Amino acid sequence: MKNLSFLVEFAKVGIDKITKYNNFNCAAKSNTLPDYTFEHIHSDYKKSLINALIDLKNVFLSKNFSELIILGNEDINLIKNFIDKMGCIQRVVVVFNHYEEVDQKNIDFLRDYCNKKNIRLEIDFFNFNFYSQTEIIYRRYRTDNKTLILITNLVEHLDDPIPLMRLIKNILLLNLENEAILGSVVRKTDYLDIPENKSHYREWAIKEMIELLLSLGFNLDQVYEDENSSLLVTRFNAKRYDKFVWKYFNTDVNKSYFIVTTEHAGIEKTGGIGSYVEELYKLLSDIVQVVFIDTSNSLFEVCIKNNVLHHKLFFDDKTSTKLVNLDYISEIVSAPNYSYLVYEFIYYLNYYFQIKVIELQDYLALGFRTIQAKKAGLLQEEIIIRTCAHGNNMYVVTKNQELVHPQNLMLINFEKYVLENCDEFTSPSNYLKNIYKDYGIDTSKCKVVRYGFNERLLNDIQPRYNLKQIEELVFIGKLNKVKGFDVFADAVMQLIKNNKLGSVKRVKIYAPYHHSNDEIREKYTRLCNEIQVVHEYVSREKLVKILLETDQSLYIYPSRADNYSYAILEAMIYAQQFLITNAGGHVEIIPEKYHDKILFSPNDESLARRIEDIIRLSSKERSLLYAEIKRDVANNIKIENNKTIKYMHELLKAVSDSDIKSYKFPNKSDITVIIPVYNTELTQVKDAIYSINVQTTKPKEVIVVDDGSEYEYSIKLKELVEKESKFTYQFIRQSNKGLPGARNTALKICKTKYIFDLDSDDCLHPEYISLTNAYLEKFPQIISCTVCCKHFGEYEDVQKISFNNSEYHHSIQTYALGSVVNSFSPAYTVFRTEDLYKIGGWDDSDKSAWEDWSLGLHLTCIGYRMEIIPITYYYYRIRQNSMLRTFSMYPRYLRMIRNNILLPKFESYVRYVLLRTLQDNFAMCSKYLILNGYKISARSIGFKIYMRLYGITEFLVNKYPFIKRLYIKIKALLKKLVKTFIRK
């Protein structure tokens with residue numbers, strides 16, 4: 001046994017050691033398809049473990065552990081020997097990995113052995129790869145008693161060790177005297193290929209494993225190492241762990257309520273969402289932690305200084321690009337950027353924090369991947385996902401009295417999915433809730449919960465009773481119609497024309513400098529010509545200070561459709577005098593008895609009359625009016641704050657009091673895998689068969705359909721299947737009917753509950769069948785489910801696929817766009833056999849492509865639901881001569897038209913032509929940059945270089961107002977020059 005002091009000197013502890021994108025700090029390559037049936041415990045490894053346990057005997061005999069938890073070790077003799085060496089064990093818990101095939105005789109022997117020693121024995125099987133499963137283990141077997149955990153020959157078998165590590169951490173934190181022994185296979189430091197042991201995903205060198213454990217916050221006391229294995233003794237010190245988390249996250253480890261946002265008023269200038277996030281944090285700073293998804297990737301340092309978590313804590317720029325698939329236009333069009341990144345970020349944060357509630361915004365649908373992941377058990381199901389409605393893209397365009405831009409059609413489907421599939425759906429106003437209802441979004445579970453507001457300043461706000469004459473009218477908002485700038489400008493011009501401004505000498509505008517269109521720009525220019533205009537764009541903090549200090553200003557908020565505006569709350573608390581439009585959610589904020597005094601209709605005549613009425617009031621009358629409003633509004637805010645705080649704490653309590661809901665993965669599947677083959681290279685078919693052989697949960701049957709391949713090839717194919725298969729199978733040879741026809745042949749003889757089609761040149765992750773079978777068992781209302789895929793080359797070794805290989809993330813079902821965007825089921829989908837059989841299976845009326853896409857459209861027309869599991873568990877081989885790349889397009893179009901069974905064929909044809917035109921516009925967006933309405937080839941200017949420069953420009957423009965003004969002038973000049981050039 002060695003002391004670790006000299007070993008940890010090299011360890012540069014940091015949280016960047018734990019992501020799958022750096023292979024969990026393992027320098028060697030990972031094995032894509034490990035074979036669990038391989039004899040993976042060598043005699044040398046067993047001997048080294050026994051020797052290590054002998055060395056540890058004196059260490060642990062004196063510590064009197066009463067509980068022994070053994071995780072994922074199928075060697076019964078090793079377990080027996082370990083129990084023999086322990087002193088006061090009262091209970092032994094043995095949790096096998098769910099794929100282990102442990103001999104029942106060995107289990108009976110262990111049970112009898114424990115009975116003779118009066119030791120209570122509990123045996124279970126779980127999947128250690130998922131948070132939901134390890135959470136069940138923790139809840140079922142946690143105890144305050146002094147516990148020793150033994151983990152040997154497990155971490156190497158896991159695709160992702162983080163859920164296991166979190167389970168160990170949580171058990172160790174139950175009692176400061178708890179300890180764990182982690183046994184691992186030693187890898188030679190110069191060996192950088194995939195493991196020689198076929199049953200392992202990866203093998204760490206001892207230094208790499210120590211560094212990984214330290215980066216996860218473990219204490220390491222001792223290490224045993226020889227040529228074959230290593231044994232590490234680890235503990236957790238709660239106080240040290242608190243300091244560890246604070247060091248890297250600059251926040252308290254006990255935070256349990258996480259808000260995921262793209263806006264934060266304390267980080268950058270922002271609107272309502274950012275103000276809400278900042279205020280809620282102030283109101284509930286003891287439990288709330290903000291997670292900032294920085295779309296500009298430039299605010300990391302600012303976030304850290306403000307105790308806000310930034311996604312760069314785990315993912316650098318390169319990794320982030322991979323996560324959101326910026327290399328794939330299909331992902332940009334079909335999914336909001338960063339949705340996958342949000343899920344990944346929450347996944348890793350979940351190790352360091354005890355997350356109970358995740359709050360997501362509806363705008364941009366940041367959380368739809370997180371919701372998908374939770375449903376699939378990739379996060380523990382006790383976590384509550386709350387969506388706070390701020391106004392989605394449909395709401396935004398409604399304020400502009402416009403239709404949604406075609407490029408956002410898929411995005412609004414994601415936003416709808418988030419609202420309808422989260423656990424808690426809240427809206428700050430009935431106004432917004434009713435708008436969503438009008439859009440067709442299910443609001444049956446929507447609760448109205450007002451935004452929180454910082455109370456600390458409320459008691460310090462003292463109304464003034466000696467207000468001076470009004471000398472300036474102040475516009476708050478943005479220079480567009482939604483915020484009512486046109487109403488404001490026209491009202492002021494009307495007052496000037498009628499000589500009704502009284503003592504008013506100037507106009508102030510607190511708004512960004514950007515004008516939304518020519519009409520607004522014209523009104524802005526006219527206003528500047530008629531009266532002194534002071535225009536400034538200030539932070540929220542500075543604006544509040546201005547509101548508090550000035551009493552000669554009349555602040556005007558003419559926004560047409562805000563749902564629940566912080567600007568309005570701030571006006572009523574901080575501003576001395578104000579007027580507000582009676583539109584949107586404003587009416588719900590202001591006490592009804594003041595409506596006829598400070599509200600105006602969203603038109604210039606109403607605003608002009610209301611300004612005139614306020615100007616006419618004496619100083620005393622105005623002072624009394626606004627003093628009374630401030631008092632009543634402040635009292636209302638305190639009441640609503642108490643309700644909000646109570647609601648948040650009730651959510652957290654609901655998690656703590658919840659029963660174990662997580663779904664335990666079945667040990668057996670009821671799935672038939674069908675493999676249609678047509679002259680596929682035999683080495684590729686062999687890879688596909690191997691990927692079925694190594695499934696942790698085996699399929700019930702495999703049906704191989706030779707779809708009219710060449711005769712000699714067919715003989716070799718049958719021999720290959722017979723030789724390589726380790727599963728029950730049928731081999732069928734038929735004349736060529738095409739891919740859908742071959743699938744339907746298998747469908748007709750399928751006897752299992754579920755059916756899955758595997759392309760003959762693709763491969764499955766070892767957990768694919770286990771995960772999809774469990775998902776469909778858990779959700780009987782779902783007809784099918786699938787996963788995301790990772791691409792690999794035609795002749796690339798499937799065992800050496802890198803984590804950074806390109807990925808494709810499928811989205812969600814949507815009938816409306818289903819003809820032009822495949823948001824349904826890809827080829828690699830598990831279906832309910834009975835339902836698929838009812839509709840006749842795949843459309844085999846011709847041999848063209850898109851049979852999977854059209855099937856999804858057909859099923860959606862009938863009303864079936866399909867789901868995506870956001871994990872890359874399918875390996876898709878890119879072949880130059882695949883059917884997808886060689887078949888004509890026109891037959892595919894006809895297939896889609898046929899399968900839109902909601903419409904007569906002629907109407908379906910017309911609809912498809914219209915939607916196909918929309919798809920062409922999508923494609924145009926991927927090939928061209930649209931600058932001020934002029935189309936410029938992306939290749940001609942270097943697309944990537946342009947986007948980098950564009951990002952830098954946007955950053956500078958948003959940070960420095962004078963650069964923004966210069967930028968606007970240059971942009972207008974360039975546009976004018978382009979128009980002149982085109983006319984010539």
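Analyst: Of the 984 residues of the protein chain, 59% count as buried, where buried means under 20% relative accessible area, exposed over 50% and partly exposed in between, with a 1.4 Å probe and protein chains only. This is a predicted model, in which local features need pLDDT of at least 70 and side-chain atom pairs count only at pLDDT 80 or more, while totals for chains, interfaces and linings use all residues. Residues are numbered from 1 along each chain as its sequence is written, and side-chain values use heavy atoms, with hydrogens and water left out.

The protein chain has 36 helices and 32 strands (DSSP runs numbered from the N terminus, H or I of at least four residues for helices and E of at least two for strands). Of the contacts in the protein chain with a separation of 6 or more, 78% are between residues 24 or more positions apart, a contact being heavy atoms within 4.5 Å. The accessible surface of the protein chain is about 40,700 Å², and 50% of that surface belongs to carbon and sulfur atoms (Shrake-Rupley method, 1.4 Å probe; for residues, only the protein chains shown count as cover).

Turning to the part you asked about, a search of the whole structure finds 52 salt bridges, each a side-chain nitrogen of Lys or Arg within 4 Å of a carboxyl oxygen of Asp or Glu. One of them joins the side chains of Arg166 and Glu135 at 3.3 Å, N to O. Because Arg166 lies in helix H5 (residues 162-174) and Glu135 in helix H4 (residues 131-141), this pair ties together parts that are 31 residues apart in sequence. Arg166 is buried, at a relative accessible area of 2%, and Glu135 is buried as well, at 10%.

Another salt bridge is formed by the side chains of Glu588 and Arg450, at 3.0 Å, N to O. Glu588 belongs to helix H21 (residues 586-589), whereas Arg450 sits in the loop between strand E15 (446-448) and strand E16 (472-476), so the pair ties together parts that are 138 residues apart in sequence. Glu588 counts as partly exposed, with 27% relative accessibility, while Arg450 is buried, with a relative accessible area of 16%.

In a further case, the side chains of Asp759 and Arg743 meet in a salt bridge at 3.6 Å, N to O. The pair links distant parts of the chain, 16 residues apart, with Asp759 in the loop between strand E25 (754-757) and strand E26 (763-764) and Arg743 in helix H27 (residues 738-749). Asp759 counts as buried at 16% relative accessibility, and Arg743 counts as buried at 0%. Salt bridges that share partners join Arg743 and Asp759 with Asp757, Glu851 and Asp852 into one network.

For a contrast with these charged pairs, Phe906, Tyr909, Val910, Val913 and Leu914 form a nonpolar patch on the surface, with about 490 Å² of accessible area together. Such patches consist of residues with over 30% relative accessible area and no salt bridge, like charges being joined within 9 Å and nonpolar side chains (Val, Leu, Ile, Met, Phe, Trp, Tyr) within 5 Å.
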